[in-house]
Amino acid sequence: QVLRVAKAGSYKVVAASVIAYGQGYQQTVTLNAGRSQGVRPQQTVLDGGGLVGQVISVTSTTCTVLLATDGNSTVGVRLAPSGQVGWVTGEGLSGANRGLLKLNVLNPAVSLKAGQQLVTAASVHDRPFVPGGPVGVIVKVLSRAGSLTGRALVRPDASFGTLDVVGIVISPPRHDPKYNVLPAVKTGH
């Protein structure tokens, strides 16, 4: 599944396995790939579903990844298919919203709906996030009339509870894949 995502987004990835969970107070994982495989800080990490997080430190044979669900993680996103921009922050692993992401969109007039999909917006020089990576699906709209930004809760596409094999994007795509990497939306037929 990681290779399918990489092919759909034209991402060059290095496959790696999770070898340790948690480092201190942050939600992190350690992977068995490092500098010797081309891994550098501020690279995007994906699993077969979507965005896992970003590389924050590297040794010659391992790297540490800050998970997108961590309260210190912020990821620029675009809503599909409108292209409206915003950002998601992690909600952590405790509390009512554990494991979810909180979405804020810049345009307070945008209509947010449950079921809308999000992708990563390109970062400067595609670091730490490459464009077009699946992020998640809106599950609950939070904003009220008069809010400065549109807000919602997002269920991540990545399988954080069963992380195993992931892909570290060591080379971004030549062209923004837009929404080509998103999984097909399930309809109620």
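**Close-up views of a predicted model**

**View 1. Pro 156 and its contacts away from its sequence neighbours.** Once neighbours within four places in sequence are set aside, Pro 156 is in contact with Thr 69, Gly 99, Leu 100, Leu 101, Val 135 and Gly 136. The model shown here is predicted. Pro 156 belongs to strand 11, which covers residues 150–156. With a relative accessible area of 11%, Pro 156 counts as buried, because the cut-off for that term is under 20%. Pro 134 is 22 residues away from Pro 156 along the chain, and 8.5 Å separates the C-alpha atoms of the two prolines.

**View 2. The cis peptide bond between Ala 80 and Pro 81.** Omega for this bond is about -5°. Pro 81 sits in the loop that runs between strand 6 (74–79) and strand 7 (85–90).

**View 3. The cis peptide bond from Arg 127 to Pro 128.** Here omega is near 10°. The loop between strand 9 (117–120) and strand 10 (134–141) holds Pro 128.

**View 4. Ser 10, a residue with positive phi.** Ser 10 is not a glycine, yet its phi is positive, at about 55°. Ser 10 is placed in the loop between helix 1 (2–9) and strand 1 (12–23).

**View 5. Lys 178, a residue other than glycine with positive phi.** The phi value of Lys 178 is near 55°. Lys 178 is located in the segment after strand 12, a strand that spans residues 165–171.

Technical notes:
Residues are numbered from 1 along each chain as its sequence is written. This is a predicted model: local features need pLDDT of at least 70, side-chain atom pairs count only at pLDDT 80 or more; totals for chains, interfaces and linings use all residues. Side-chain values use heavy atoms; hydrogens and water are left out. Helices (H or I, at least four residues) and strands (E, at least two) are DSSP runs, numbered from the N terminus. Buried means under 20% relative accessible area, exposed over 50%, partly exposed in between (1.4 Å probe, protein chains only). Contact means heavy atoms within 4.5 Å.
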